[in-house]
Amino acid sequence: MTRTLTLGHTVFLTPAERLLHGRTVLDAVGRGGPEAWLKLNRDIGSGTDRRWQVSGRILVGFHWFDLHEPADWRTAPAPGPDGVIAFSTEPPGEAELCLALCHAEDRVREHALAYAADRPEVLPLVLIRSADPVGSVRERARALLAAAPDEAVRPLADLALLVGQQRHGGWAWELVVDRLGGVPAERIVWLTGHDDRAVRRAAVRSAVWYGLLPDWRAELLAADEPEAGFRRLAVLSGVLCADTLEHLAATDPEADVRRPALDLLLRQPVADVLPRLLRLAGTSGDKALRRRALDAVRAYAADAPLPSPEDLLASPALAVRLIGAEELLRAGRYAELEPLLTDRAAKLRAVGRRALRAGGGDPRAYYRELCAEAPTKAAVLGLTECADPADTALLWRLAGRADAPVRAAALAGLRRRRLGTPDRLVPLLADAGPGLADAVRSAVLAHGDALTEPEPGALPAPDRSRAAWRSALPLLDRRPVVVRRRVARALDGHRDPAVRAWARAELARRLRWDVHTGRDAALALVDGAPRGHVLELEDPAAWAALDIGTRYAAGCRPELFRARVETALCHPSGRVREEALARAAGDPGLLPLVAVRCADWAAPVRDAARRLLAEALRADPAGTLGVLTPVVVQLAGRVRGDWAVARFREALRAPEAAAVRAGLLAGADAETRRFTARVELELLREADPAGGAGTPAAGPFLPLPGSPTGPPCTAPGRPGDPAGPAGTPPRRPGAPPGLPGAAELARRAAGEDDAVVRALWADASLALMAAGGTDRAAVEALLGARSGYVRAAGVTALRGAGRAGEASGYLADRSAQVRACARWLLRQDGGDPRAAYLSRVAEGPVPEAVLGLAECGERADAPVLTGLLGHADGSVRAAAVAGLVVLDAAPPALLPALLDDPSPAVVREARRALYDRSGAVPEDALYERCRPEHAPHTRSAALRLLARQGAYDAVRIAVGLLEDPDADPGLRDTAGRVMRSWNWRATLRSYPSGEPELRQLALRYRRTLSADEASRRRNPLP
């Protein structure tokens, strides 16, 4: 037998929606309390608000429905186009009248009140309308309530109590109280335990206001209520016992509860609550509360002695101990205060000294005796607090004792007296004693500007203590930024994490040398700052910035910039610059500015500077080249900078300059490394790598895949005979002394960060192997590089090494350039790359093999790639999408569906494919994919496609994401990029009617920018 279930009342419709379907008020609200009527009012108001009547879907049970299916709020009463409010029947039915009384528009509510007379079923809604924010609605509802009979108004007491908490609700509560003949005390007390929080809050507030809250209810609220507002009301009721008030004042997390509790305690006689106030003063975490409790105790102690003040000295709280000490001092019990002379707290030591003086003793003699026999930290601090200059020598002796706390206390005393010099204090920073470095550091900081650069820079040496390492950081922070960066370069690999983090943070803060920073440096030099404090001497851009910055700053008062040689060398006047060159002749630190003057526009200045630079090159070639080559490279772009560049190129070509070239190639400046690399390659080009043979006709540089000249993957060497003609042994790639060989060039290419220098080394290594034979070490170094360009060079060299069979191992490389070289080499060896790719994809597809098949395949291979769109690996699916795009065989109907793929890589490739297919995805479909139920990567792709199509909805969606703190960070980043690149003026031209909304969206978007971003952005709208 099958049991059938009867269909009861649905739980999927709210009471407001039931009224919308024509149900009665009793069916909608039932026997709910006052909170149900207020919720009904809110739900109808939000439902009839036209601003929120949007389309969407809702889950009802196990099925999805359109929002308008269960509740179409467009059918609710509303003003027509002519402003007339019409009901379906006259007079309106119960459900329609309720909808109109709670409508979002005040015109509808006021019109509905005309039909509410003698309708007791809607009287609760009329009472709610009596507190309406619109005055005309409110007055009309109050007139109806005033005319209602007593028997209809009295049952509304609970609702009136709740409405009475609103801004205009006091009239309704007074009306109900008047009809009841007094305040319903029992009912209010019963409602203080109501399940609904709003009803309970209103009842508790009224009970406190009328003095009706029972003490047992107040104790329950204070102990069990999680909301602070209820606990505060319980305190304000005035019926809590002293124990509960003390507990709330000491432990409650909210200050709005703690402080009223203390207020009630202070209203009682202080003598009765004195122990409680002392406990609060010693244990409370509220500073203001502790201060008020202490003030009350002190005020009491001023009039009457405290009971048992000696017991207060055992309290862990300093404030309480201090009160007890002051009371003993006031009572003349000096002997009991002698232990305070060596207390850990300075305020208690001061009370102890006052007691000792009052008893005829000498605190300074007491402390000196202690320090001579068995010094302690407290005794040394007490001696310091006596502030006698004659104790300075004793403090310096104590600073050398073995006990670290004593040393720290002595140094702290010397610091307070501003004694000591950097030469005595800085070595003490290396002391490993606890607290000693902290005591010395603040004393050294007072002399921070007088310290030389090596002193704080030497503190983090590996042989020093951890305290010395970390004590150096505040001192270094006082140094100029260029000095900090200079020291940070030496500390980048420090073993202490804090020191290492400081150094890396300093190096990550890049200095931008331009006309403004050069002007600031020039002004600082005029003010007398050392050269190394305002210029980063290792950065060649700093000298060029000083040159132009000095001319910029000297426009008004050029005479100020003649005194310093650095600024005189950059002076606007050519005679001043020429005179400064004579003054700079003996200073090697000014050679960078001399090199800058070699490109001067004034011929006398230029000739004098060139003579000085030539003399420096003759006197010290290695040192001059190492220091000035970065500066000279910066001059290459100037009109007259070719002279210095030619002289330095000639000097670097000398055989004895090999060590200098190695140092320049290891430097940080990329332009200098490129210049030095080209010099070395010129030497290699002129040399005979084969030991007498000429340079091959093909030249030393062979193009790689993607090169604009020559076919892809021109292979060096001879393919079939690595041993050379006539059976001669293979020639190893060599180089003249001082120049790198093929293996060294390959290792340089593999380890280089700069792409230009990396390509130069790789091409040169291939050229040497083409001329002198393949070097196995060079090939392995090229093949093991991280850069795809360098690995492609290694694959190219495989043919000359007789290892063309290894090309198949690089067909699935992650770099497209390497895959192209591998395919070329496989074809040269008689293989078929397309067949190899098809075989690999059939066996076990990997993304690189799928891309390789697309790169060399045909449109006939499109079905193979289409079949991979269902592969379990998302990266393989993404590669299949990219391959179909390469073959121009992507099905137009398939790409939009790929936007819903769970793999972000697939969605990214589909989005790129759809970029050039304008209108391939309708805006409605993209808008649907921007909803929160979709994955973040799908929403991001849809938003970017909407922005690509110029859809106005993209602006609204992006602004909403920027204002949503819970949105996915990547999605918020996409929204920010969309808004920063949005063409606001074009949108204004396309949607002129939406100008107010567009301006509002632009303003809301700008509020999400940081201060730096906002300063860089212009106004998006004219």
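**Helix talk**

Visitor: How many residues does α17 have, and how far does α17 reach?
Guide: This is a predicted model. Helix α17 covers residues 270-283, so to speak, with 14 residues. The span from its first C-alpha to its last is 18 Å, close to the 20 Å expected at 1.5 Å a residue.

Visitor: Where is the kink in α17 centred?
Guide: On R276, with a kink of about 35°.

Visitor: Is R276 buried or exposed?
Guide: R276 is buried. Other buried residues of α17 include V273, L274, L277 and L278. L280 and A281 are also among them.

Visitor: What do the buried residues of α17 pack against?
Guide: They pack against α15 (242-251), α16 (255-267), α18 (287-303), α19 (309-312) and α20 (318-331).

Visitor: New topic. At what angle do α48 and α49 pack?
Guide: About 150°, with their axes 9 Å apart. That makes α48 roughly antiparallel to α49, because angles over 145 degrees count as such.

Visitor: Is that crossing of α48 and α49 left-handed or right-handed?
Guide: Left-handed.

Visitor: Which residues of α48 meet α49?
Guide: P833, R834, Y837, L838, R840 and V841. On the α49 side they meet A849, V850, G852, L853 and C856.

Visitor: And α43 with α44: what angle there?
Guide: Helix α43 (residues 742-751) packs on helix α44 (residues 755-772) at about 155°. Their axes are 8 Å apart. The two are therefore roughly antiparallel. The crossing of α43 and α44 is left-handed.

Visitor: Which residues meet between α43 and α44?
Guide: From α43, A742, L745, A746, R748 and A749. Their partners in α44 include W761, A762 and L768.

Key: Residues numbered from 1 in each chain as written. Predicted model: local features only at pLDDT ≥ 70, side-chain atom pairs only at ≥ 80, totals over all residues. Heavy atoms only, no water. Helix = DSSP H or I, 4+ residues; strand = E, 2+ residues; numbered from the N terminus. Expected span 1.5 Å × (residues − 1). Bend = angle between axes of the 7 residues up to and from the residue. Buried < 20%, exposed > 50% of the residue type's maximum accessible area, 1.4 Å probe, protein only. Contact = heavy atoms within 4.5 Å. Axes fitted to C-alpha atoms, helices over the stretch in contact; angles between N-to-C directions. Parallel < 35°, antiparallel > 145°, perpendicular 65-115°, else oblique. Left-handed = near helix turned anticlockwise from the far one by under 90°.
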